[in-house]
Each structure stands twice: as structure tokens, then as C-alpha cells.
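Student: Could you take me through the salt bridges, please? I would like a close look at one of them to begin with, and then at the places where the chains meet.

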There are 12 protein chains.
Amino acid sequence: MKILVINGPNINMLGIREPEIYGSKGYDALQKTVLEEAASLGISADIVQSNIEGEIAGHIQKALGAYDGIVINPAAYTHYSIAILDALKAVNLPAVEVHISNIHAREDFRAKSVTAAGCTGLISGFGPDGYRLALRALYGFLKKQEG
Amino acid sequence: MKILVINGPNINMLGIREPEIYGSKGYDALQKTVLEEAASLGISADIVQSNIEGEIAGHIQKALGAYDGIVINPAAYTHYSIAILDALKAVNLPAVEVHISNIHAREDFRAKSVTAAGCTGLISGFGPDGYRLALRALYGFLKKQEG
Amino acid sequence: MKILVINGPNINMLGIREPEIYGSKGYDALQKTVLEEAASLGISADIVQSNIEGEIAGHIQKALGAYDGIVINPAAYTHYSIAILDALKAVNLPAVEVHISNIHAREDFRAKSVTAAGCTGLISGFGPDGYRLALRALYGFLKKQEG
Amino acid sequence: MKILVINGPNINMLGIREPEIYGSKGYDALQKTVLEEAASLGISADIVQSNIEGEIAGHIQKALGAYDGIVINPAAYTHYSIAILDALKAVNLPAVEVHISNIHAREDFRAKSVTAAGCTGLISGFGPDGYRLALRALYGFLKKQEG
Amino acid sequence: MKILVINGPNINMLGIREPEIYGSKGYDALQKTVLEEAASLGISADIVQSNIEGEIAGHIQKALGAYDGIVINPAAYTHYSIAILDALKAVNLPAVEVHISNIHAREDFRAKSVTAAGCTGLISGFGPDGYRLALRALYGFLKKQEG
Amino acid sequence: MKILVINGPNINMLGIREPEIYGSKGYDALQKTVLEEAASLGISADIVQSNIEGEIAGHIQKALGAYDGIVINPAAYTHYSIAILDALKAVNLPAVEVHISNIHAREDFRAKSVTAAGCTGLISGFGPDGYRLALRALYGFLKKQEG
Amino acid sequence: MKILVINGPNINMLGIREPEIYGSKGYDALQKTVLEEAASLGISADIVQSNIEGEIAGHIQKALGAYDGIVINPAAYTHYSIAILDALKAVNLPAVEVHISNIHAREDFRAKSVTAAGCTGLISGFGPDGYRLALRALYGFLKKQEG
Amino acid sequence: MKILVINGPNINMLGIREPEIYGSKGYDALQKTVLEEAASLGISADIVQSNIEGEIAGHIQKALGAYDGIVINPAAYTHYSIAILDALKAVNLPAVEVHISNIHAREDFRAKSVTAAGCTGLISGFGPDGYRLALRALYGFLKKQEG
Amino acid sequence: MKILVINGPNINMLGIREPEIYGSKGYDALQKTVLEEAASLGISADIVQSNIEGEIAGHIQKALGAYDGIVINPAAYTHYSIAILDALKAVNLPAVEVHISNIHAREDFRAKSVTAAGCTGLISGFGPDGYRLALRALYGFLKKQEG
Amino acid sequence: MKILVINGPNINMLGIREPEIYGSKGYDALQKTVLEEAASLGISADIVQSNIEGEIAGHIQKALGAYDGIVINPAAYTHYSIAILDALKAVNLPAVEVHISNIHAREDFRAKSVTAAGCTGLISGFGPDGYRLALRALYGFLKKQEG
Amino acid sequence: MKILVINGPNINMLGIREPEIYGSKGYDALQKTVLEEAASLGISADIVQSNIEGEIAGHIQKALGAYDGIVINPAAYTHYSIAILDALKAVNLPAVEVHISNIHAREDFRAKSVTAAGCTGLISGFGPDGYRLALRALYGFLKKQEG
Amino acid sequence: MKILVINGPNINMLGIREPEIYGSKGYDALQKTVLEEAASLGISADIVQSNIEGEIAGHIQKALGAYDGIVINPAAYTHYSIAILDALKAVNLPAVEVHISNIHAREDFRAKSVTAAGCTGLISGFGPDGYRLALRALYGFLKKQEG
């Protein structure tokens, strides 16, 4: 079972970026968290990060045939990227949207997810641990599909 | 560690209610899922269900001092209950909002969560397994707080 | 053929409540009207009234298996109760929404029915006689389904 | 007692027009239904149909002095015709708005009735039988006025 | 100097139609008022009335080459007829929009004039005398153009 | 018969102010036009101008008992001054709102008149001649009231 | 003179609930404040609290014939409960809406009161002392009515 | 293969009507363009024009059984005619909506097409040549359906 | 303890102004009511009235250092004056907003208070007696601050 | 005559992407269709595809001086890319916007084209054949410009 | 070169007014800053301040012929004063709008400038130094115009 | 002191792009202006330009630690790029947003800046000279911080 983890704009700034919202752990720690959880689930995970909307759409496209599912944090693009939504719908892979902060407890514009409609489900507000939950959710979903 | 799981209106109709959206597993199975996951995490979980907004607010109020955290599926009330939001803010307990269906991939009015602003985070779209993830998310959050 | 007639908040105040809008006949008279019409159609009708949104949802839930159809006046809840809408969709029984006043000829917020989307049809503006029409409409609908 | 039944645009296409929404019975059958119900109530009914908003307003105007009441299905014009609303208010005759489909369970723009504010009441969602109910509702209303 | 006076839907019901808003003088009196004022200004005026949006557009089209200006009361169509707006822009004749009631002191939807953007100016709220003012305004405008 | 003519902000800049919209005739010419028309109607007219919203409200207040009616061009305040609306309602004098340009054929925000709801009627789009029409409209209205 | 004081959802959490907004005095203290003020005015006051919208509507209904007036803090329901608004209109008793915090200085959705339209007046922002003012306002209103 | 070309309000004013937007070629030239293109495609085309919304709906209705497809320029009605939308859906014929000007590069209200949802596709902005493209598009579509 | 009472536009018209809304007691009586209540509380009160938004802002500014608190009825400016809001925030004095009528039971635009966000609290709907309550509320607030 | 054909995000997924909406023909077939049509018109066409908004803007910029016109399918970016709109306006080349599906018959957000305001015209709903029509439309437009 | 610097409501409260937003430097210091910068540019500057919208419009009017340009901080009026916008358009002088705080990083209603559309440009967020930049910007603009 | 100047999409088209809005000076001239002004201030400035939203976010990210401040013209992205806003907040460097045209005097959608909330201040409307002002503003801000 192979999972692609896609991180959107400014996720690479973790630890530096508004730490009162996103926490003080850096992007390296996040990556380590993801790989550890994948290992503990006995699956393989690759991680990509991009600030560019269209590159993220490209990563999604390339996941088709290469990965069994996607964990995606579209970050700022969550709120307006129809291009990413369309890419998710195009590949039609199981996908979990994850957010580090609770997007429903911030500015109004962050409560709206354009991209989640192209995903299986959404997890938000649990900090970097949200990625653990997302991997686990995806793992469970894929296991059920197999079965 | 004691968790209160609160289910809102029509969750008791699971299995009967729009099965193409909510699945064919009944409410008993959901309860069993919750208790199993709690057991596997070594924590205790009580489950309540109510169709009445104010009773749900009451359950939240009574959780204070009696439980370490809340898993809540406010169901229809998610989208308009300021009373439940205020109850969550009043007790100020760690709380995870969970939805069986992906609320961002349905009617517009379901994409808006009024209550999530009173919670730690939100998990939606993973069917009954969302409750497993919610318990695990809450467990992780509480463990971190302890540590 | 058994019908459940559900009246929402403040319908029990009929005759007292804003008589220039709702008329001067009391709630007893309304109940009598319903029972007479049911009798004349050769069907049985039970009537419940509640001010509580969640109790109304509960009445709808309990109608499943016990009644062939529902006549419902959700009153104030018409305009915002997703919980009642969801209950109507959950039981999926033939249901007729009835309003004593013409909801399209009053304040803007009364012209919007959230709950009617869970019903077979809607009748509004004919005073207590609307219940006669609703029973008759439901009777006709059920007869056709049988046939 | 004389009733004018006015059908708006595309009602003449009944049976052909989106049968999954409007049913497979044709316009002739609808007219027969209306005349039968009128006969059974011992009243006289004339039926007109027009695709033209202003002609419908004209039919309403001419009803004054010639008919005791109006049954009207403004169809598409329901949602935007202030001209028909004004005509209904101008003649000030008892009038029942009827819709074949449940206008509150379709596209958002169909849930809004501009014309119902000029009517006594509204009946929607019962297919061609809605006309029976409308005649009966109007009959009851006129009888009460007489009395 | 020849003026075409165009009256929209339900203006022919004057005297009968909501007299508390539109007054008790009938349509004949209105026509007489128009002709008297035209005579007193030494100009010729023709009056047409139609309930049909497209016929009103047609009258405007035919005015080109036959009349020097238009006085128009689009009545209900004022608030939504882009067809009449386009006709007014197409012929590009001096035109005065007139309303019997004060459209800014009634329901919100009546305060909006779609058609006035195709006219030279607007006069509303002066009852049938508004037509006198409109003729005079148009007369003055045309005189100035000549000059 | 005594009329108070009230001009709002920037009307004193006539001739200088955006002449492609407001024309090239200056404020002196406007005043002369007003006085000439008043004289020709055999009535007396006083003219005041103010840039200050509250002063305009004050002029309206002082008109009570001193004048038989008001001609008012609230200019920019037309679109938001509830204070002027309230003053007009407070004195309850016959009042005609006048605009030099056609407010329905410019920016969206100019099409809305907050103040016209406190007036008898509105005249817009006829340049300085609008004041002539306004005086005449007011004169006619007062004559009819007397009669 | 008998007054019913009705407290809505989460008012019973006073002292615990967001003390930076609602203060540190508990619900017992609030009740004592109410009873003291009533005593000092020489009137009798009963206090009820409910988290349930429909129960609050029920308390209002039962006040008819039993109390001379109502002091109500609908709390969260202030912002959306048409059911409570309708109950207040149904009993048509003098009623004062009171809020502990200043609802106009918080989130946008708290600035809107649906229920105040069914009350004589509204008092907000004075903490528990608002209840003293409300009793006094109601007392004054009733005295004037008597006189 | 027979095509009905339906032109809406004011299209008959081509050449006269706002030539900076619609060009200087007249309606005769437009008709000739249509017939030439039809001939070159080896198909037959009839052209009708009407200013009346309901007549346009009627033309669409009558096309059923008589024509293989429709080219329609609903002109002003594009933006609000649910009646024409419903007629297009009722006959369910291949239909191409065409606009002479680019409706997305003008006033906001022109960018919205209510009627296009009843058509196969839309072509706008190419002047009278848009009709050539529309015929060709329809021809291609019908050929593919046949094949 | 010195209080400044600031009355906004048209308050000076009390008794004359829409008496069905504002009552028949004049502005003199209002002033007397204020001074009596102040005397009974043993505090000093000065009263100013202005129709001019900026003058009201000026009165607020000058209150700083000269008065202990403000009672303000911004009247029409309540609904749009950011200038008055900013002045209230600038001086940061305890302030009570008062309205004679119940602003939540009138036109929609009156239910919105822009200025209340700069005040301690709001009292509306109690007629001139609202000023008594406002003084008392302010007195209580200042006493508590002292204590 | 040289044309640049620019395809936006996910167009490269044709055949895989939601085939019930976009058809089962792949991107290669689309490219072939374009080149064939260009050849049949005797013009040269280059095709580029990018998922990246800014790259699409870059392609448009580079077209200036190198191509005579543009055919562009901005796909998802159609609905929000002011950057692409500005690029189209900057180069000011004849441009045709093309969409495979009928954007007016899908979700509301797809009916809005931000980018079409920078184009000559728009063609939508004809599948891959829309590109043929677009090339032909552009060819005709350029020929006319030359002529 | 003569510049008029116009300060709107509450700017005179600088240093006292919400210092966490507007800083602790007083209005005297601001004036000194302006005069120093003017001196350093070798131009003359006069400064006026008013809380009154109409007086600000008056200052703008009087600048015509007396000054070469305007620096204006309309403060609260920025967000709604069409009167000031109209005055700026009337005099048509080069004008720079300046704000002490960053109006795009505060409440939503402060991000909207009604008045900037009447100015050459806008500078916001640089504290009192914004006036230096504004003078310099205006100076540069006027120099270029001369040149 | 090192400053990074970031130019967004289509700024590289200066001189060619809508010269009536953006002027006739090219991008080279703009760069020269920036470097000259930097030199005159005795600071160093690097200039980058990108059409790609995510690349702009990347430039902002890389500025951290390498530059003392940022001057940014996000061009089209100003109005919708939450990704750029988030990048600016993430690095938390002093930043000045600059626009060549006056964004408050154009289309509605250009008056809204999403990105300015991540900046110290905003300068718009002064053509290429706006960059001079921006550098100077940033220089002043940094000097003050140092001091």
C-alpha cells in the first residue's frame, strides 16, 4: 500500500510560521511524524511539498497508477482552488484532506473548503498529529475497499 | 480517562436513514464500534443520544467534572446551533466533532459548522470509523496535555 | 390506514395567538376538525403537539412502522429545522406539510420552508381547513401508491 | 359558483415535459381531472392556458365579475412575475396557487413564489391531483365567505 | 411634436386596483388627463396599453420614426424587464418613465428600476398627475434639443 | 403658498462639478430658474444650500409651520442619510425629491434613494429643469389638498 | 404584580462560562440579584431556566394568565429562535429581553436579535445588573399601563 | 435535417440598435447569413423572431416533431426567463444558444444565462457569424448522434 | 458624578415626530425626565442635542475629562456612523446607548447598531423612560468601578 | 496565420477525468482534432498545456508577436483567475475561450467566467468539437480584421 | 506650490485615541511632522481638521483655486461618505488619501474606501509618517504635471 | 539594509499592458526607478518578477534571513491569493504593498486586497513612482525599528 502525502503552500515554514496557530514543531518533524506513522501501519509513504497550485494538481495527477491513496493539506488553496478540486475528481483516488489548525475556528474565509468535495473526508485541528489520523483513516478506508 | 460520546438528532436512525449517505450499519453497530475502540485505547466511554438541541447542551454541561473530553456528532444542529457552541465554550473541555458523511461534499448548508468553533478539531467523511479516529484524536490530545 | 398529525410550537395557542393571522378558532376545534375529516375518509388519525424541535423529530421517527403517513405543521421550525428535515428524510414516509396562514404572504423569513424538501407536498393559507386538505391529499397519495 | 383555472407556460406539454418530475399523464388528462372534480363539487370550471405572462395577467383581469374565484398554476412565472402578482392583487378574487411538483424540493430558484402573495393559499407537490385539492380549497373558502 | 404614451400591465385596472395605493380615478380619466395636458402643450399624444412585456417592447420599437418621444409606465415590468430596457436603448428616443405611486416608499423590490436606465428621467409618486409632469418634462427636453 | 427649496452637498458647485454629468450651468442659474418658476406659479420660494447632513435635517425641521412644502435635492446624502429621512417623516410636509442627473442610469449605489421614502414623489434626470417640474408637482399636490 | 424571569441555555453555567465575557459571579448570585430587586420593587418574581428552545416557548405560554410580565434572556436562541418569537407574540405580555454581555460588541451573529421583535424592549451589556434594570423597566411599563 | 432559428426581443432592430455593441449590419443581413450557412451545410433552416417571452416558449414547443434542433438567441430573456428554460427542457431537442455580443464582457447581469442550462452549448461574442458557428455546431452534434 | 446626555438628530422633534412610534410627550418633557432622574440619583446631568454627526462626535470628545460617563441616543446615526463609534472608542468613557423605540421591532436597517460597539450597553424600547434606565445603568456601572 | 492553443489544468487528463462530463476521448485525440482542423483551415496551430496559472499567463504573454490569435481553455482557472484575465488584456490579441462541457449547466461556480472578459468570444458545451468551432471562429475573426 | 491637508473626525484625538492602533504621538506632533516635511520639500501646507462630513466637503470645495493639491485623511468617513467623494470629483484637484493605520488589516468595514475613487492614490499603514509620504507623492505628481 | 522587490503577474508587460491604465513606461524603466531610489537611500535592492502565485510565495519565504524587508506588487493575486497572504504572515518581515494604478478607482473586485493584511502598509495609484514611495516607506519603518 503506497500513499502520497501532498503539502501545500507555506507548510514548509512550519515552526517559523505563526507558531501560536501552527505550533513550534518544524517541517522536518512533521515529515518524521508521517513516516513513523506509515511505518507503524506497515505502508509506504512519499511526501511532496509545493507552493504552486498547478504543481499540486500535477502531483495529484501523477499519483494515479502510482499510489493507492492521497493525504493532502492544500493549505491556503483549500479555500479557492477549483484546479485542485478538479484534479482530485479526475484521478478519483481515495484522499484525505488534513489541516493542522481547526479551520472552522478561525477567519470566515478559512471555514470554507473548496477542495474537500474531491476527498473522502477531512480532518482538521489536531496539529501535526492530524497527519497520523489521516494516514490511519486512509489505511482503514483502503483496507475496507480491499475486503 | 473518561470520554463522553454525544450523538445528535437522527443518529439513532442509522441503517434506516438515507443508507446511500449514512451506510447500512445500524446505531447498535456504531455504539459497539465506539466501545471497542475505547477498550482498545484503554479508556472508558459513555454514549448518549438525543434529538433535542437543549438536551445536547445539557449533556455537554454535565460532562464538566465527570469526563476528560467529548466526542460529539451534533448532526443537523451542527449547522445552526449556537446553543451547542456556547455549551462547548462554557465547559471548555477538549472536544472532537465527528460526522459520518463528508459534510463538505453535500448541500451547501451542510458545509458550514457553527459548532466546530467550540471544538478542538473536526473529522468528517469516514463513516462510523470516524468515531474511532475521533476517540484516538481525543486520546492523543489528552495524553499530550498530561505529558 | 393510520395517519399521524404532528403540530409544532405555539399551534396549541390557536385562538389566542395573533387571531388576525391564525383565526379565532381554538386548538380543540382544530383537533376536532382533523378527527372529523379522518373519520369522513374512513381512516384513523392521531394528533400530537410539541413545542420542542427534537421531540417533533422523535415523533416522526416513531411514526415509522406505526403510521402510513404524516401530516405535519412544523410552525416556526419550518424555517430553520434541519433536524426535522433530516427526520422526515430518515423515515421516508409520505408526508404533507400544512400551514394555517399563507407563509408566502408574510415576513420574508416565513416564505422559506426548510422542512418541505422532506415532504411529498405543501398546503398553506387555508386556515384550519388546510388540515382537511392535507389529510385528503395524503389519503389520495396513499391510495394511489396502494393501487 | 364559477371558477377560472389558469395554466401557465409549458403546462400544455404535460406528459412530454420532464416526465420524471411532472408525471406521464398528458394535458388532456389534467383538464379532465379538473372538470370531473368541478362537477363532483357541483360548480362550473373554465380552463385556459397561456405561455405568455401578460396574457395570464389578462385572464386574471377578465375573471373579475365573471368568476367567483381562480385556480392558477403560474408555472415558471411563479418565480418572477410581479405582473401576475399585481393582477391578482388588482382583481382581489379568492385564488389558489397550485404546482404539480413540490417546488420546495427542487432548485433554489423554484422555492420562491412571487405570485403566492397575491393568492389565498398554495398547494404544491401532489401532481395533477393538486388541482382537485385546489378546487376543493377554493370551494370551501367561497362557501365560508357566503355563510 | 408627437408623443407615444405606453402603459404597462394592470394600468388598465386603475380605479379598481388597490385604490389605497393607486387612487380611485379610472383608466379613462387617466387617458383624458394625458390628452388634455398634451392639448394644452400643443402636442399630439397617442396612448397604448399592454399587459405583455414583448408587446411593450414592440410599441417602443414602432415609435422610432413615428414619434418624437415616449412617456412610459412599465408598471410591474419596471423591476425586471431587460427586454424593455433593451428596446428603449435600441430606439434611443427621449423617454420619460412615470409611476403613479412612489416606488421608493413601497416594497424593496419596487424601489429598483431596471428600465429607467434606458430613459432620460423618472417621475414617480404624483398619481395620474405624474403623466402631466412627464409630458411637460419631455416637451421641455425636446424643445431644448431643437433649440 | 410658500415653498422651501433645499439643496444638498456640492450642488453649489454646479457648472464646475463633473459638467458632463451635471451640465455647465452654474448654481446661480439654478437659483434663478427656481425663482422664475415659482413666480410663474404665483408662489414664494426660498432656497438654502448646505453640505452638512445635520444642517439639512435642521432646515427640514424649521420648515414646519413656516412653509407649505419642500423641494429637496439631498445629493450624495440621498443614498445613505437616515437622518434626513427621519426629518422628512418628522415634519410630515409634502416634499418632492429632485435629482439633476438620472440616478438610475449611473453607479449602482446612486440608484438607491433612502430619503425618497419620506417624500411625496421623486423627479430625476431632467437637469436644472427638474426643479421646475418639482415646484409644479408640489404646487399641484398642494392645490389638490386644499381643494 | 407577578413577573416570570426566563433564562435560556447556558445561563446556568454563569461564573464558569467564559468569565472574561460573562463575569465570575455564579447563577445563584444572579438569582439572588433578581429576587432582591423584585423585593425592593415590592413585586413577586419566579425564575426558570432551560436549555431547550421549546421548553422556553412553553414557559412563555404558561405565563399567560399567571404573570403580568416577562423578563427573558433567550441567550443563544436570541439569534435564531422564531419559535420563541412566536410564543412571545402569542401571549402578547409585556416582556423585556435582557443580555448579560453587550451583544452589539461581539461576533456579528450575536448582534441580531430575532426574539426582541416580540418584546417591549431590550437591555444588554450591564452584566447581572441588567436584570435589575429589566425588572425596573417592566415594573415602570406595567405601572404606566395600569395608570 | 431541419433547424429552427429563434431570435428574441430587439434582434429585429439589428443595425439600428446600439451599433457599437451589436454592429451595423441589419436583421435582413443576419437572416441571409443564416440561410447561406444552412445551404452550405446542406440543411434547411427556418427563422422566427419574437419580442414576446411566451411566444418564444411556444416556438420551442412547436419545434418538437417538426425540427431536428434549435438555434436560439433569447436576447434579454437569456438572463431571467425560466419559462424559456422550461420550454427547452420540455422539448429536449439539441439546442445552441447564440449571442451576438460577448455577454461575459458587459454588465454583470448579462453574464448570467438562465436559458443555457436547457441547451447543448453556448456561443457568444462573434457577431452575426456566431449564427454560422451555431448552425455548424448543431449540425456536428446531430451528425454525431445519427452516427 | 457628572453625566453628559447626548441626543442625536430629530430627537428635538419629540411629540411632533411620528407620535405613534415616539409618543406624544415633547422634548421638554424628555429633558425634565432626565434631570429629575439625575437629581433622584444625586448626580449632575447636562443635555445636548445636535442634528450634526460631527458635532455629536465633538460632544463626545469634549466629554473626556469633563464628565464621568455618557448617555447617548445617536438616533438615525446609530445605524451608520463610524465617526461616532470612533469618537466613543477614542474617549473610552462608560457610555449607555438609549433608544426611545424598540429598534429590533421596526425596519431591518434600524435593528443594526454601529455605535453600540463603542458603548458599555444598550437600552431600547422603553420610551422616554429609557433615559431613566440609562442613567441608572450608568450610575450603577460607575459606582461599581469606584468600589 | 498562426494560432496558439492553450489548455489549462487537468485538460491533459481527458478521457480519464469524469468521463460522464468530459467524454471518453483522450488528450491525444483532442490534440489531433485541433491540428486536423487547423490544417483544414490552412493555418498553423501550436498547442500547450499547463496546470499552473502563472505559466498560462506566461504562454499568453509570449504569444504576443509570435501568434495571430489564441484559443484558450482556462479550465478551473476560468472561474477565478484575474491573472489570466490581465494577461489576455495585456497582449490584446484576438482570443476565443472554449469549454468542453456546458459551463452554464453545471455547479453555480462554473457558470461564472472571469477570463472571458479578456476574450473576443466564448464557446462551451460541444465537447472536443468546441475546439474546431473555436479555431474556425478565430479564423473568421482574423480574416475579417485583415479584410 | 500650496497643499491643503484635511484631517477628518477624531484625528484631533491622536495620542489619546486607541494608542495601540494609532500610536502615542499627539495631534500637535502630527501637524509638526506635516509642516516639517512640507518645508523640506519647499512647499507650503495648511492643515485643517473637522469632525463634520459636510465641513470636510466644504474645505475641499474651497481648495479649488487656492491650493494645488490635497492630502486628505477622511478617517471614519472614508468608508461611507459619498458627499466627500463627490466634493473630490467636483474640484478635480490632485489628492492623496492617507490613513495612519493599515485599513486593510482591521475590521472588514474599514477595508472599503468610498472616497479613494476621488483621489489620485492612497497611502495607508505607516503611522504619522504616511503624511510625509503623501506630501511627497503629491509633490512628485504635481512636478510631473508641470513638467 | 537589503530590500527584496517582488513583482507579480503581468508587471513584466508594463508599457505594453493597457497603457491608458498602467502608463507607457516599460518594465526596464520601472526596474531602473527602483534601483535609483534604492541607491539614493543608500540601501540595496533586488528585484524579482513572477507570474506564478506559488513562486511569489517562495520568494517571500526565501526573503527571511536574507532581506530586511519586502516591497511587493502582487498584481492580480492581490485580490485572491491567501497563499501569498500566508507567506507574508509566515516570514513576518516588514512589507509594503504597492500598486501602479489606484485599485480603489477601478472594477469592484480590484478594490479588495487580500494580501495587504499581511503587510505593514499599502501605497496605490502613483504609477511607477509608487515604488519610490514604497522603498522610502520601508526605509523609514526599518530605521525607526532600529532606533
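Tutor: Happy to! Let's begin with Arg17(H), which forms a salt bridge with Asp86(E); their closest N and O atoms are 3.0 Å apart. A salt bridge here is a side-chain nitrogen of Lys or Arg within 4 Å of a carboxyl oxygen of Asp or Glu. This pair crosses between chains: Arg17(H) sits in the loop between strand S1 (2-7) and helix H1 (19-22) of chain H, while Asp86(E) belongs to helix H4 (residues 82-91) of chain E. Those helices (H or I, at least four residues) and strands (E, at least two) are DSSP runs, numbered from the N terminus. Are the two partners buried or exposed? Both Arg17(H) and Asp86(E) are buried. Buried means under 20% relative accessible area, exposed means over 50%, and partly exposed lies in between (1.4 Å probe, protein chains only).

Before we go on, a word on how to read all this. This is a predicted model, in which local features need pLDDT of at least 70 and side-chain atom pairs count only at pLDDT 80 or more, while totals for chains, interfaces and linings use all residues. Residues are numbered from 1 along each chain as its sequence is written, chains are lettered from A and ligands numbered from 1 in the order in which they are written, and side-chain values use heavy atoms, with hydrogens and water left out.

Now compare that with Asp129(E), which forms a salt bridge with Lys144(F), the closest N and O atoms being 2.5 Å apart. Asp129(E) lies in helix H5 (residues 129-146) of chain E and Lys144(F) in helix H5 (residues 129-146) of chain F, so this pair also joins two chains.

Lys144(D) counts as exposed, because its relative accessibility is 53%. Over all chains, a search of the whole structure finds 131 salt bridges.

Next, look at chains B and A. Asp129(B) forms a salt bridge with Lys144(A), with the closest N and O atoms 2.5 Å apart. How many salt bridges does the rule find across the interface of chain B and chain A? It finds 2. The contact (heavy atoms within 4.5 Å) takes 21 residues from chain B and 21 residues from chain A. Together, chain B and chain A bury about 1,800 Å², with 57% of it on carbon and sulfur atoms. His104(B), Leu122(B) and Phe126(B) supply 32% of the area that chain B buries against chain A, more than any other three residues. Buried area is the accessible area (1.4 Å probe) that two parts lose on being put together, summed over both.

How are these two chains arranged? A rotation of 180 degrees with 0.0 Å of shift along its axis superposes chain B on chain A (RMSD 0.0 Å). The two copies are thus related as by a two-fold rotation axis. In chain B, the C-alpha nearest the axis is that of Ile123(B), 2.2 Å from it. The same surface serves both copies, as 100% of the contact residues of chain B recur in chain A. Copies are superposed by least squares on the C-alpha atoms of residues with pLDDT of at least 70 in both.

Finally, visit chains L and J. Their contact takes 17 residues from chain L and 18 residues from chain J. They bury about 1,300 Å² between them, 57% of it on carbon and sulfur atoms. On the chain L side, Asn10(L), Met13(L) and Tyr80(L) supply 34% of the area buried against chain J, more than any other three residues. The count between chain L and chain J is 3 salt bridges. In a salt bridge to look for, the side chains of Asp86(J) and Arg110(L) meet at 2.8 Å, N to O.
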